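Colleague: I am new to this one. Please show me how to read a few of its features.

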Amino acid sequence: MTNRSKLWSPAALRRVALACALALGAPLGSAPAFAQNNLPALGDPDSADFGVGTERKIGDEIMREIRRDPAYMDDPLLLEYVQSIWQPLLAQARTLGNITSEIDQRFAWEPFLVRDASVNAFALPGGYVGVHLGLIAITANRDELASVLAHEMSHVTQRHIARSVTSGKRQSLASMAALVLGLLAASRSNSPDAVNAVVAGSQAAAIQGQLNFSRDMEREADRVGFAVMSGAGFAPAGMASMFEKMEQSTRLTDAGGFPYLRTHPLTSQRIGEARSRLGTAPPVRLAGALEHTVAEARARVLMDTRSDALRVRQAQDAITTGTLAERLLAACESAHASSLLRDWARADAGFARALSLARSAPERSPRAERAIVFEMVQSQLSRGEAAKAGETFRPYANERSRPALLLGSQLALAAAPLDDATIKARASDLQTWVATHPNDSLAWTVLGQAWAKVNQPLRALRAEAEARVALGDLVGAIDRLRAGQRVARGGGPVDFIDASVIDARLRDVETQRKQLEADEKALR
C-alpha cells in the first residue's frame, strides 16, 4: 500500500465527533441513547433522531478530514470519468423517485477518489461516495463500475446510514463518527492492530457492528441499484459480473486487497439474485468500452506511484498481441508510467501507439481519444514543452469541461513569453466555473495563480483563500484574506469591488471559525 493516512489522529476523530454531538444535541462521551420509538422499516425515509440536516452536517465534517488526507485525490480526468457514470445514475434515481426533494437539495451527491490500490468504495453520511483507484483498475467495463456506484448511491437514497444509526440501542452519534473515520483508515491497512489503534479510546469499538449495513440493507441496495443502473442505460450484466469477479478473486486469495467485501460481504443469495435479475432486464448494448480502458490504465498507474511499481506498468509496452482493448490498456499504462518516470521518449512512443489503437477501433471513441490527448498534453507540460503542448491541445482549446479549463489555464501560465490577454481570458473562464462550483479547490488554486500572473493581487489572494475554505482550512483562509486587506490598505491602486469582496468574505469565514470555537468551548 502507498500513501497511508496518518491523519486519523485523536484530534481529527474528536473534530468529527464534535460535529456529531452538536448535530444531535448530545455531549461527547455520553451514555448510549436508547430508542424510544420503533425502528424505521426498510424504505422509511428518515428518523427523528438522525434527520437529513444532521446527516449532511456529519458528512461535511468527515469530508473536511478526508480532504486533508494525502490519499484524497483530485485527478480531473479520472474524476470526470467517474462523474460521467455517476450523473446518469443520479438522474435515473430521481426519475424513479428514490431521491426525495428534501435529500436532493440537502445532500452533496459527490463522488470522490482515494489513491489506494485496494478494491473498495464506500458511502458516507450526506451523499458522499468514495471510490478507490483499485476499484476502477479492476473493473473490465463502465457497467461493472456503474453497478458499484449504483449500489453505494442506493445506500444513500434509502437512508441506510441513518437507519443503521437508529437501529438497536441508538448509540452516540459521536462514537459513530469516530468509527467511520477509523474504518476509513483501516480500509488502507491490512493490520487488525491498526484498526484497533484507530478506534481505541472511543465508544466506537462497542458499536462496530452497528455501522455495517444489515443483510437486508445490502440486498435492498442491490435491488434498487440494479433498477437504477439498468434504467440509466448500463448493461444489467455489470452487477452480476462484478460480483462473480470479486467472489472468484477472494476465493483464490484473501490478501486484504478487497476491503469492499469486509463491509459489503457477498452471499450466495446476493450473487444468485443478481444473476436472476438478468432475465427481467432489457438488453443493453455495451458502450464506452475504450474510454473505460483509458481510465482503467490511468487508475492502475496512479494508484501506486512508487518507482518500482511504475516500472512494472512501463514494461506493459512489451505487450503487442491480444484484443484491441488489451493492447490499448498496455499502451496507456506504459505511456503514463513512462511520463511519471520522466522517460520522455518511451512516453511519446506509448501515447502515439495508444492514440493509433484508439483511432483504429471499428467504432471510434472521441472521449477515449480526448483522454489520451489530454495525458499527452500533461506529459509535454511536465517536460517544459509548453508550445508543443499548446499545439496538441488546440483542438480542445474552446472546450468548457473541467479538465479542459484547468489544462488550458496551465498552458497559458506555462507559455513563454506570457500572454496577459490569454491568461485573463482563461482566468475569466475559471471564474465562471467556480461561481457554480465554489468547492472546487483545485480550480480556485489555478485561478489564484492566473490572477497573480496578470498583477491582480486581491483576486489572487481571494482565490487562494477560497481554495483553503474548500479544503476546510479556515485558519489558512483567514490568513490569505487578511493579507488581501493589507494589500488593499497599502496605498497602491486597487479595485474597490475586489477590496469589498475580500472584506465580506473575511467576515463570513471569521464567523464560521468563531462558531466552531464556541461549539468546542461549550463541550469542554
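Colleague: Which ring does the charged end of R459 sit over?

Modeller: A charge sits over a ring if NZ of Lys or CZ of Arg is within 6 Å of the ring centre and within 35 degrees of the ring normal. Here the charged end of R459 lies over the ring of W451, 4.8 Å from its centre. This is a predicted model: local features need pLDDT of at least 70, side-chain atom pairs count only at pLDDT 80 or more, and totals for chains, interfaces and linings use all residues. Residues are numbered from 1 along each chain as its sequence is written, and side-chain values use heavy atoms, with hydrogens and water left out.

Colleague: How many aromatic pairs does the structure hold?

Modeller: A pair of aromatic rings is described by the distance of the centres and the angle of the planes. Rings of Phe, Tyr and Trp (its six-membered ring) pair if their centres lie within 6.5 Å; planes under 30 degrees apart count as stacked, over 60 as edge-to-face and the rest as tilted. The structure holds five such pairs. One of them, Y72 with F112, is tilted: 6.1 Å centre to centre, 40° between the planes.

Colleague: Is F112 buried or exposed?

Modeller: Buried means under 20% relative accessible area, exposed over 50%, partly exposed in between (1.4 Å probe, protein chains only). F112 is buried, at 2%. Y72, at 23%, is partly exposed.

Colleague: What angle do the planes of F112 and F122 make?

Modeller: Their planes are at 70° and their centres 5.8 Å apart, so this pair is edge-to-face. F122 is buried too, at 11%. Ring pairs link Y72, F112 and F122 into a cluster.
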